[in-house]
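Please find below a colleague's note on a structural model, prepared for a reader who is new to the subject. The sequence and the structure are shown first.

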Amino acid sequence: MSAPVLVSLAQVLLVLLGAPLLVGAMRRLRARMEGRTGGGVLQPWRDLLKLLRKAPLHPQGTGAAFRFAPLLGVACSGVAAAAIPLLSTRTGLGAGADLIAVVALLTLATAALALAGLDTATAFGGMGASREMTITALAEPAVLTAVCALAAKVGSTNLPAIVAATLSHGARPASPANLLAAVALAVVVLAETGRLPVDNPSTHLELTMVHEAMVLEYSGPDLAMVELGAAMRLTVLLGLWSALFAPWGITTTADPARLLLGLAAFAGKTLLLGCLIAAGEVFMAKVRLFRVPELLAGSFLLAVLAVSASFFLA
Amino acid sequence: MNDLDFLPRGERSGQQAAPVATEPHELTARAAALLERGYRLALAHASHRGPEDARGEAMHAVYLFLAARPDSRVELTVPLDPAAPAVPSLAALSFPAARFEREMRDQFGVEPVGHPLARPLVRHPAWPDTWHPMRADAGARPPLDPDPAPFPFLTVEGPGVYEIPVGPVHAGLIEPGHFRFSVVGETILKLKARLWYVHKGVERLFENRTPARGLPLAERVSGDTAVGHALAYCRALEEAAQVRPDLRAEAARAFLLELERLYNHVTDLGALCTDVGHGILGAHAGRIREQLLRINAETTGHRLLRGGIVPGGARLLTRPDPARLRALARDVQELAELALGHSVVRDRFTGTAPLTTEQARALGTLGYVARASGLDTDARHDHPAHPQLPAAPRVLETGGDVLARFQVRAREFQGSVDYLDDLGELLPASGLDDTPAEIRAPGRERSGVGIAEGWRGTIVHRIELAPDGTLERVKVADPSFFNWPALPVALTGAIVPDFPLVNKSFNLSYAGNDL
């Protein structure tokens, strides 16, 4: 096996094993900041192992969409983890590691879960799917426009190329185009991962849920896959964001020592971003559902400004 | 205007309810006369004594009307034929009357002639419709209908309209209720709340108990309103037995009533913040609540204040330190300021599910729901227990939205702490242990009405004592029975994801509603 393929495999394993730990750390931090003890960092892993031991259970009348959506979710996040230069720009997907392809992969996972929600034919599944697709439809234009801003400078949408270009010019992350795109994508990351102020990941109120309403019928190993997929999605999106806007530590070689350094940098950056989100959530509240479009429209506007900036201020 | 000639002279005001024997054909005109003069129907119920009783079979319906300032109570007592009981329906005059009449029909088979809604209210759909569980001759429950007719939900039709059924089992640990939303997009066109999943037969359980054994039952009508219901029960008992507690006992009872208001209001304030995703204020409200529950335990020996109210008096192990309550009041003040200073939280509360003053009045709402909509109803002022008690705080908001219901609670918390200071001056610091008044056999039938302003609103109990002093009939009217119909009205036009928030802002009791 060639070195780039090994790098990609290492990235997938890292995200697979680390994602629940990230979620655990974020929950722990939020609990401590709210004056609660909270579960340990390992709690999400314990929950996953518990769920995996349970008997699979499928609601009557559900078909392939319900069955395969959780696996597709994990697979999509896995492929994205292989493509994004999390540790090194020398990943195994070569020209396939395209920014637009990665965004499409993550949207595919969302669409699969929305279909699964519809497949249950319950009011909540449909309601959650409808809300999730509304949010996704509003978030996608912002993502693609922000991608344009980043790609325009390098002349390619290839992720390793963008990251490598950023790494070769030390001062570039602070350009106006990059800053605007960074904010635009940060809002989208929050919306796409179901965090406050768009969705409340810790609510038990079924009528207010977005992501949770869609997956309400899942249990046992399927639920474990849904949870793992969601955690990996969060990790991958944070990894993507930090690779694009804070690429420090990412190596351009496949040298093991550099890779270890990259690993430490990746873990540190992702944990820091996760903790920033968790800490921010303590002071945040969920906006009214009809205010979410305003939030995402703001993100889109920033992305458009980023594109303009990349052309006119370059 | 209809005349009030039927009232006995000199009894138009004063605490004791004046029972007025009323023939069925006189009922409508008399009720109309009372309602026109600002009385409200506080409670209506039927009573049935079986033929095996030495006094012979008898059935009657009672309508209790209350008016405030001056405190005035009128009871219209309508004799009924046990074989074919019927009363003229007051549904056209009063919305709460329509609901009480349906309850009477379900429980006793009393037919409200001319009632616009033939559907059962409290009766379980699987019970045979000829079986009336509160009748003396009801006997054991007949076998359940294995295939009862489904509830006739009104189907809203039109392009894009769909239904969301929620409950009765919910994702959180809350009481059971089924909600059927008819929705376009996220906008609620119609909401039907199906309650009545927690029928326990409480009123039947009271029957034939001694008054002392009825008290634990009254404390458990609704778990979070132990003091309110126990107090209404004891006051009804005292009126029937003609016992008058002294000022100190009434001050102690008012004290316990305010302690109950404090811990419940802070729970709701925290839950409202949690429901909009602002968890940290929910956590702090939980901390304050726990401290209040510990104060409750020190005061009465029970975290939910059970055992504090006894017939004829009250029991306090100690009087809580006012400084501790004051410190908690400052915390709650800060919590409310933080919540309303947060732009997203304030935005979620403002203008959400408004209940107009007119709607609140027409539906007969009570408690903080009414006070948030500008209706000044509060039994502590309207029906004072003792003329020398210090004046209770008066809180009124006019918005009628979630924000107003939040603010009423926050302001009432502060007012209650001030009021506790005033009441505490009338109480010995070492506590109080009044021996329960002995409720002697009155030797003849007696009845009594008890009114208390529980934290949710005005609670009314009416008791009929048999000549041997046992409970013959106890009717409990929780404010939730009046307030539940206001929830769907307020929600018309709101969006589905706001429902949990609005429901929490009403926070009505399922157990107190469905006895």
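1. Confidence. The structure is a predicted model. Chain B has an average pLDDT of 90, and 98% of its residues score at least 70. For the complex, the predictor reports an ipTM of 0.86 and a pTM of 0.90.

2. Domains of chain B. Chain B is split into domain 1, covering 14-113, and domain 2, covering 210-477. Between the C-alpha centres of domain 1 of chain B and domain 2 of chain B there is a distance of 27 Å. Contacts link 16 residues of domain 1 of chain B with 14 residues of domain 2 of chain B. On the side of domain 1 of chain B that touches domain 2 of chain B, at least two residues each are supplied by β1 (14-21), β2 (40-49), β3 (58-67) and α2 (95-108) of chain B. The largest share of this side, five residues, belongs to β2(B). By class, the residues of this side of domain 1 of chain B are nine nonpolar, three polar and four charged.

3. Contacts between the chains. Where chain B meets chain A, 26 residues of chain B are in contact with 22 residues of chain A. Four elements of chain B, namely β7 (161-166), α7 (279-300), α9 (343-349) and α16 (499-506), each give at least two residues to the side of chain B that touches chain A. That side of chain B consists of 14 nonpolar, six polar and six charged residues.

4. The sheet β13-β14-β15. In chain B, three strands form an open sheet in the order β13-β14-β15, and their pairing is antiparallel. Its edge strands are β13 (446-453) and β15 (471-477) of chain B, each of which pairs on one side only. On average, neighbouring strands of this sheet are turned by 15° against each other, with direction ignored. In general, the strands of a sheet pair through backbone hydrogen bonds, in either a parallel or an antiparallel manner.

5. How many bridges join β13(B) to β14(B)? There are eight bridges between β13(B) and strand β14 (residues 458-465) of chain B, and the two run antiparallel. Within this pairing, B:Glu453 stands opposite B:Thr458, and B:Ala452 has B:Ile459 as its bridge partner. The hairpin of β13(B) and β14(B) has four residues between the strands, and B:Gly457 takes a positive phi near 150° there.

6. β14(B) and β15(B) are joined by six bridges and run antiparallel. One bridge pair consists of B:Arg462 and B:Lys475, the latter in β15(B). These two strands, β14(B) and β15(B), also form a hairpin with five residues between them, and B:Gly469 in the turn has a positive phi of about 85°.

7. Burial of β14(B). Is β14(B) mostly covered or mostly uncovered? The strand is mostly covered, as eight of its eight residues are buried. One side carries B:Thr458, B:Val460, B:Arg462 and B:Glu464, while the other carries B:Ile459, B:His461, B:Ile463 and B:Leu465; both faces of β14(B) are covered. The student may note that the buried residues include the charged pair of names B:Arg462 and B:Glu464.

8. The sheet β10-β11-β12. Another open sheet of three strands in chain B has the order β10-β11-β12, with antiparallel pairing. Here the edge strands are β10 (309-310) and β12 (432-433) of chain B, each pairing on one side only. Strand β11 (residues 313-316) of chain B is joined to β12(B) by two bridges, and these strands run antiparallel. In this pairing, B:Leu316 stands opposite B:Leu432 in β12(B).

9. A residue of helix α6. B:Leu247 belongs to helix α6 (residues 247-275) of chain B. Why is B:Leu247 classed as partly exposed? B:Leu247 is partly exposed because 13 other C-beta atoms lie within 10 Å, whereas a residue counts as buried at 20 or more and as exposed at 12 or fewer. B:Leu247 and B:Leu389 are 142 residues apart in sequence, yet their C-alpha atoms are 7.0 Å apart in space. With neighbours within four places in sequence left aside, B:Leu247 is in contact with B:His386, B:Gln388 and B:Leu426.

Technical notes:
Residues are numbered from 1 along each chain as its sequence is written. Chains are lettered from A and ligands numbered from 1 in the order in which they are written. This is a predicted model: local features need pLDDT of at least 70, side-chain atom pairs count only at pLDDT 80 or more; totals for chains, interfaces and linings use all residues. Two strands pair if DSSP finds at least two bridges between them. Axes are lines fitted to C-alpha atoms, for helices over the stretch in contact, and angles run from 0 to 180 degrees between N-to-C directions. Domain bounds come from an automatic or database domain assignment. Two residues are in contact if their C-beta atoms, placed from the backbone, lie within 7 Å. pLDDT is the predictor's confidence in each residue, from 0 to 100.
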